[in-house]
Each structure stands twice: as C-alpha cells, then as structure tokens.
Amino acid sequence: MHHLHHLSEQEIIRREHLQELRNLGIDPYPAAAFNVNATAEAIKQEFVDEAPEAFQDVALAGRLMVVREKGKVTFGELQDSSGRIQLYISRSDITTEDNTDLYDVVLKRLIDFGDYIGVRGFVFRTRMGEITIHVKELVLLSKSLRPLPVVKTRVNEASGETETYDAFLDPEQRHRQRYVDLTVNPQFRATFMTRSRIISAMRRFFDGKGWMEVETPILQPIHGGAAARPFKTHHNTLDMELYMRIANELYLKRLIVAGFDGVYEIGKMFRNEGMDRTHNPEFTSMEIYVAYKDYDWMMNMVEECLEYIACEINQGNPVIAFDQHEINYAGPYRRLSMYDSIKEYTGIDVSEMDEAQLLEVCKKLHIETDKSMGRGKLIDEIFGAKVEKNLIQPTYIIDYPVEMSPLAKKHRSKAGLVERFELFVNGKEVANAYSELNDPIDQRERFEEQLLLAARGDAEAMAMDEDFLRALEYGMPPTSGLGIGIDRLTMYMTGQHTIQEVLFFPQMRAEKS
RNA sequence: GAUUUCGUAGCUCAGUCGGCUAGAGCACUUGACUUUUAAUCAAGGGGUCCUGGGUUCGAAUCCCAGCGGAAUCACCA
C-alpha cells in the first residue's frame with residue numbers, strides 16, 4: 001500500500017514530535033545498541049528490600065506504556081519482553097539546573113506513549129509499595145508514530161482481581177495487527193510461548209530416540225499422501241504445474257526406503273479448502289516414520305510422547321484442562337475399533353454391511369450422502385456424525401475399512417480392515433497413524449481404486465504416484481507412520497478454541513484499502 | 001457455501017419512535033502538581049456514522065445492493 005493514509009490528529013502530532021526531537025539534536029532512531037542487564041519480571045521477582053545493593057545499577061529497555069506526570073516527577077511503566085515495571089523519573093535527577101529540556105520538553109512532551117526507551121538507575125520500593133526503577137539516565141531508542149490502543153488495568157481492592165478497561169479484543173484487528181495485539185494484550189503471549197515449547201519438546205523427544213529431522217519438498221508435481229484439494233502453482237523455468245503439498249507422507253516413506261530407521265518432519269501443509277475456527281489454509285503437521293515398527297508400537301509411542309510434552313509445558317502434570325474437561329495425556333489411552341465405536345454410540349453393527357445397507361443406515365440417522373461415497377466414506381460419515389464428538393479423553397479408534405485408507409497395510413487378521421488408528425481428544429482428531437503399506441503391488445491396486453473414486457466425482461481422491469511405487473518396488477521395511485496436527489494439539493494444550501489464536505498470522509481476506 | 005448478526009473519534013462504546021451543530025470515558029493539546037498507579041484538577045481540539053443507491057421535508061437510525069468482521073452449520077486436519 002503506497003498511498004498515504006489520512007493521518008489522524010494524533011499521528012500528525014507524533015510526526016511533529018519527531019521533527020522537534022531532531023531539531024534538538026536527538027536521533028529518534030539511534031543506531032547504537034543499548035545494552036540491558038535486567039528484565040522487568042526478574043527485578044520484580046528478585047528484589048528484596050533488605051538487600052538493595054544488588055540493584056544499584058540496572059539497565060532496561062522497552063516501550064513506555066503508561067505515563068503519570070506529577071509535576072517535576074513522572075511515573076511511567078516500561079514494558080519489555082518479560083512484563084512491566086514502574087519507572088520513577090525526577091527532573092532533578094536527569095537534568096541540570098540551567099537546562100531542564102530533557103525533562104520539561106523531551107520527556108513531558110516529545111516522548112509519547114508506546115515509544116521505545118532505555119533507562120538506567122536503581123531499584124527501590126515506593127510508598128505505595130511498588131517495586132520501581134529510580135531513573136538516573138533516560139534515552140529514546142525508537143519513536144512510535146501511531147498510537148497504540150490504550151488498555152488500562154487496575155487491581156480491584158475488594159476482590160483482588162485485575163480488571164481491564166477498554167480491552168483491545170476485536171478478533172479482526174487482533175489478527176490483522178498481531179504486533180499490536182501482543183503488545184497490549186500480554187495474556188495472549190503465553191499461548192504462543194507454549195506453542196513454541198510444545199514443538200521444541202516434541203523435537204527433543206524424537207531426537208532423544210535417535211530419529212532424524214528432515215525436510216521434504218513443499219512444491220510437488222503430484223499431490224499425494226492425503227485426501228484434500230491442493231493449491232496449484234507454476235514453475236516458469238521448468239514450465240511445469242506444481243502443487244503446494246497437502247502432505248509429505250510419500251516423501252518420508254521414500255526416505256525409509258533409502259535406509260533411515262526413523263525420520264520426522266515438522267512443517268507446513270497447504271489445503272485449498274474451507275476456513276473456519278479449526279482450519280487455516282496452511283497448517284503445521286508433524287509426520288514421523290519408524291522402520292521395523294507397527295501401529296501397536298506407535299500407540300505406545302504416542303502415549304509416551306504426549307505425556308512428555310504435557311508434562312514439559314505444565315510443570316510436570318500431564319492433566320491439562322480444556323473447557324470443563326480435565327484431559328489426561330498420560331497413557332494408556334482407551335482403544336476402540338471403528339466398528340465397535342459405531343456400535344457403542346448408535347447400537348448399529350455396520351461391520352458386515354455393504355454399500356446399499358450403509359446408505360439405508362445413513363438415511364435412518366439423517367446423515368447426508370452423495371453418489372461419490374464408497375463404503376469406507378459412508379462408514380466415516382456415520383462415525384463423524386455420531387461417534388467423534390463423544391471422544392473427549394484421549395482415545396484411539398483403530399482398524400479402519402480398507403477403502404478409507406489407501407496407504408495403510410491390510411490388517412494382519414481382520415479382513416477388509418487396515419492397521420490404522422486415529423487419536424481423538426476433545427471430540428476431534430489430533431493424530432493419524434498406520435502400519436504403512438509396503439507391498440508395492442497392493443499399493444498400486446489401492447491407487448487404482450482411488451482413480452475409480454475420482455472418476456465417481458471424489459475431488460479428494462489420491463492420484464497415482466509412479467515414482468513412489470518404484471521406490472516401494474525396491475523394498476521398504478515394515479514401518480509405522482504417524483501424523484499429528486500441531487495447531488490442534490496446541491489449541492488443546494493451551495485452552496484455545498480457534499486455530500486463529502494459536503497462529504501468529506492466520507489467513508485473512510485482503511484488507512480493503 | 002448457507003443462516004443470523006454487527007460496522008459511530010486513535011481505543012472501548014452510547015445514540016430511544018427517523019427530528020437542534022452526533023455524544024461519553026480513555027487517548028491527544030495547553031496549564032497546575034517532587035512517591036503516583038484506571039493519578040488528580042482546569043480548559044481545549046478531534047468524525048467519510050463501512051461504501052453506493054433509495055424512501056423522506058429530514059437518515060447514524062428505515063429499505064436495497066456491495067465490502068468487511070463475528071457466531072452457528074456443512075466439508076477438510
């Protein structure tokens with residue numbers, strides 16, 4: 001956006017302040033580093049009145065968020081990455097008798113709420129009991145030309161609770177201007193910090209097992225590995241249609257073919273589908289493949305992994321509340337077959353039914369169907385409508401119909417099923433895993449069945465991937481694979497109800513100019 | 001994609017049944033104040049009432065269309 005937006009009165013005033021600072025010889029955007037030796041939270045936690053010696057020379061930097069002028073003395077609040085601490089600035093401390101400009105002009109008039117400043121001084125406690133920095137030196141580090149929303153808080157003396165006034169909570173503004181959101185709403189910073197800790201704990205867990213983090217292509221000539229509609233793009237030099245990946249499964253399996261025992265990738269997937277509070281066009285998934293294992297082993301591994309992550313972010317406690325539910329991530333989780341789960345929640349045994357009978361069941365249960373749906377899809381519809389929402393505590397649904405899972409190995413003892421499980425928490429899927437199909441002839445037939453589904457109108461059916469089949473023909477060891485939706489796991493582990501709250505920059509419509 | 005609902009100052013919001021020059025708090029400007037804390041006190045400035053049509057003597061308000069947001073539902077993780 002190149003056009004100048006109409007400047008508000010306050011923006012014009014701040015630009016005037018900027019010019020006046022320059023006229024006084026003060027650079028509003030100085031280049032030199034300002035070295036800090038403390039943070040707001042650390043001081044507030046560590047300062048003790050009996051031993052102030054350790055806090056005689058502290059240096060902090062951050063935004064000046066609240067200013068309370070009181071004549072020749074000013075109180076302010078400095079906000080750094082850790083939190084806020086009060087500043088006490090007295091004119092006689094920062095200026096000389098013959099020139100009080102730094103206080104009377106610069107601080108009181110030209111420095112605005114939201115500016116970045118650096119301060120040096122000593123820590124003390126005011127009469128009102130607040131730990132405060134007595135400022136001896138003050139420098140402007142960066143001028144703010146737009147006024148931030150003014151969110152005020154105070155502690156209610158009766159209840160002891162913090163009350164917020166004029167909160168900045170409009171979702172559109174918060175998401176479009178996340179930098180503003182995170183500046184004035186410190187309560188939302190914690191979610192993103194936890195997200196980071198979830199991912200790093202997961203990495204630590206996998207790395208500790210000796211598995212290798214890898215990267216595979218995002219631009220793919222064939223979109224495989226999942227059922228979803230892709231984004232298309234075009235490479236000019238190759239003059240070639242490419243797809244943004246909807247999954248990385250087929251590439252990770254190629255690496256198992258290549259001889260690695262365990263590979264995993266944490267990265268973005270892209271699906272050109274609807275957006276709502278649990279779906280963003282790009283989302284983060286973790287996929288891992290481990291050779292010589294099966295899905296039973298994988299269920300144990302997932303229990304161990306999620307318990308580890310939960311404890312890492314929750315002070316050693318694997319129980320994390322979501323809504324009114326106390327979700328316990330410590331294993332073992334309940335294991336229930338797909339057919340048994342449908343029987344449990346509908347009373348209907350669909351295990352022996354054919355397509356026509358399943359259509360009847362759907363009709364009876366008021367589930368919409370269409371002609372493109374095969375037997376597996378119909379069973380999935382019934383499951384989605386009647387079972388899924390009931391699975392609050394971590395629950396494995398195991399042994400899916402073969403039609404639903406073209407990349408999973410046929411069940412070792414149950415005909416028509418595959419060795420697959422999905423993990424449900426809070427009524428939603430958070431993980432999906434198989435004993436991977438490594439029989440190249442079977443895999444080719446499954447792809448061919450997908451082509452038939454595509455011909456019936458299933459836009460999400462998988463495409464044939466000849467190179468992947470070639471890899472399997474060279475031989476892939478028995479392998480178990482797992483995918484975990486990182487965004488959804490983060491939602492559940494941070495108590496958030498929308499994916500927008502766990503993404504720094506959720507996709508939005510173009511802003512109108 | 002469907003339904004419901006919302007869009008007023010930098011921010012949070014009032015604005016009755018259609019009726020004076022569209023309001024409040026915070027923020028901003030000027031002034032007072034050397035331990036305040038939603039600081040206080042005094043004075044002042046600030047508006048494309050989302051956009052475009054329509055009805056009307058008169059529209060922030062009613063009608064139509066559009067743009068944008070939110071909620072619920074449907075599909076996907």
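**Note on the sheet and the aromatic contacts**

1. Three strands make up an open sheet in the order β9-β11-β10, with antiparallel pairing, where strands are DSSP E runs of at least two residues and helices are H or I runs of at least four, numbered from the N terminus, and two strands pair if DSSP finds at least two bridges between them. This is a predicted model, in which local features need pLDDT of at least 70 and side-chain atom pairs count only at pLDDT 80 or more, while totals for chains, interfaces and linings use all residues. Residues are numbered from 1 along each chain as its sequence is written, and side-chain values use heavy atoms, with hydrogens and water left out.

2. The edges of this sheet are β9 (219–220) and β10 (232–235), each of which pairs on one side only. Four bridges join β10 to β11 (residues 240–244) in the antiparallel sense, and Thr233 stands opposite Leu242 in β11.

3. Across the whole structure, a search finds 16 aromatic pairs, meaning Phe, Tyr or Trp rings (for Trp the six-membered ring) with centres within 6.5 Å, whose planes count as stacked under 30 degrees apart, edge-to-face over 60 and tilted for the rest. Phe205 and Tyr308 form a tilted pair, at 5.7 Å centre to centre and 40° between the planes. Because Phe205 lies in helix α7 (residues 189–208) and Tyr308 in helix α9 (residues 295–313), this pair ties together parts that are 103 residues apart in sequence.

4. Phe205, Phe206, Trp211, Tyr264, Trp297 and Tyr308 form one aromatic cluster.

Conventions
Chains lettered and ligands numbered in written order.
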